[in-house]
Amino acid sequence: MLQSDGIGTERDTILRLDNVNVSFPIYHGGSRSLKKAILSRSSAGRIARDANDRITVDALRDISFSLDRGDRLALIGANGAGKTTLLRVMAGIYEPVAGTVRINGRISPMFDISLGIDSDLSGYDNIRLRGLLLGLSSKQIESLLPQIVDFTELGDYLDMPVRTYSSGMMLRLTFAVATCYEPEVLLMDEWILAGDAHFMAKARARIDTFVRKASVLVLASHNLEVCCRWCNKGLWMDRGSLKAFGPVEDIVAAYLTAQR
């Protein structure tokens, strides 16, 4: 369950997860080829069965931690460890099958380039649509529209359907909307660190400002140098479970030792 109406008397606690579990049922699980494919990717989670005897993948298992105002959390782990799934749970995209997620404040997700995008609509329409999904009012969106448009540098392309956009243009549109206001909780994946040199010079400067203003940052990245530079806490994920949680330098050191 996702709750965003405060956390009782814990005024400094912005984000808290208690025993969060996420499972995905695998339909047509009787297929031998599908079973083989699932088992070959078992690092992404544990294969199990639910109450209806369906094959499931336990993507997250008993995840509990809390972040206070000013915390910057790095999600660390190999591919398939559950980092992106955890981000999507915190964003409210995935609902836990057990446990609770409590968030005190507005969330700004910057990890899914297609979230809230309608390929048949224009860039302008998608700015408005994505802004509404982020919890902004129509009045707020219209007041922010000029700076969003200016930051994208897309010009007349904003009048065209976004299905005509390149991936780089989509990145510009998505990034500009996601960073148009000050969030309480900023959720980032490392894809945001990619892009053409000119735009990323602007983007990195804006990210630095954005991160400083956010009450809480959660960053999933394989770049351990960035994790240590931006974050004060680390959470090591392994096959959907929380392996370790604590000061980011300690978590990175433990992760690197285990890798060796």
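# Cores, strands and cysteines in a predicted model

User: What relative accessible area does Cys228 have?
Analyst: This is a predicted model, so the value is computed from it. Buried would take under 20% and exposed over 50%. Cys228 falls in between and counts as partly exposed, because its relative accessible area is 30%.

User: How many disulfides turn up in the whole structure?
Analyst: Two cysteine sulfurs have to sit within 2.5 Å to count. A search of the whole structure comes back with a total of 0.

User: OK, and which cysteine sulfur is nearest to that of Cys227?
Analyst: Cys227 isn't in a disulfide, and its nearest cysteine sulfur is 5.6 Å away. The cut-off is 2.5 Å.

User: How far from Cys228 is the nearest cysteine sulfur?
Analyst: Cys228 is in no disulfide either. The nearest cysteine sulfur belongs to Cys227, and the distance is 6.8 Å.

User: Which element gives the largest share of the largest nonpolar core?
Analyst: That core holds 48 residues, with Ile76, Tyr165, Leu173, Leu186 and Met188 making the most contacts inside it. Elements that each put in at least two residues include strand S5 (72-76), helix H4 (138-152), helix H5 (167-178) and strand S8 (185-189). The largest share is 8 residues, and it comes from H5.

User: How many residues are in the other core, the one with Leu17 and Met90?
Analyst: This core lies apart from the largest one. Leu67 and Val216 are also among its members, and its size is 28 residues.

User: Which strand does Leu235 lie in?
Analyst: Leu235 has a relative accessible area of 0%, so it is buried. Beyond its neighbours within four places in sequence, Leu235 is in contact with residues including Phe65, Leu73, Ile76 and Ile251. Ile76, for its part, touches Cys227, Leu235, Trp236 and Tyr255, among others. The strand that holds Leu235, residues 233-238, is S10.

User: How far apart in space are Leu235 and Tyr255, C-alpha to C-alpha?
Analyst: In sequence, the two are 20 residues apart. In space, their C-alpha atoms are separated by 10.0 Å.

User: Why do the buried residues of helix H3 end up on the same side?
Analyst: The buried ones in H3 (residues 123-133) are Gly123, Asn126, Ile127, Arg130 and Gly131. They sit on the same side of H3 because the arc they cover around the axis is only 135°.

User: Which residue in S4 is the bridge partner of Thr13?
Analyst: S4 (residues 55-68) is mostly covered, with 10 of its 14 residues buried. Strand S2 (residues 13-26) runs antiparallel to S4, and 10 bridges join the two. For Thr13, the partner in S4 is Asp68.

User: What percentage of the protein's residues are buried?
Analyst: The protein has 8 helices and 11 strands. Its accessible surface comes to about 12,700 Å², with 49% of that belonging to carbon and sulfur atoms. Of the 260 residues, the buried part is 46%.

Note on methods. Residues are numbered from 1 along each chain as its sequence is written. This is a predicted model: local features need pLDDT of at least 70, side-chain atom pairs count only at pLDDT 80 or more; totals for chains, interfaces and linings use all residues. Side-chain values use heavy atoms; hydrogens and water are left out. A nonpolar core is a set of buried Ala, Val, Leu, Ile, Met, Phe, Trp, Tyr and Cys residues joined through side-chain atoms within 4.5 Å. Buried means under 20% relative accessible area, exposed over 50%, partly exposed in between (1.4 Å probe, protein chains only). Helices (H or I, at least four residues) and strands (E, at least two) are DSSP runs, numbered from the N terminus. Contact means heavy atoms within 4.5 Å. Accessible areas come from the Shrake-Rupley method with a 1.4 Å probe; for residues, only the protein chains shown count as cover. The arc is that of the directions from the helix axis to the C-beta atoms. Two strands pair if DSSP finds at least two bridges between them.
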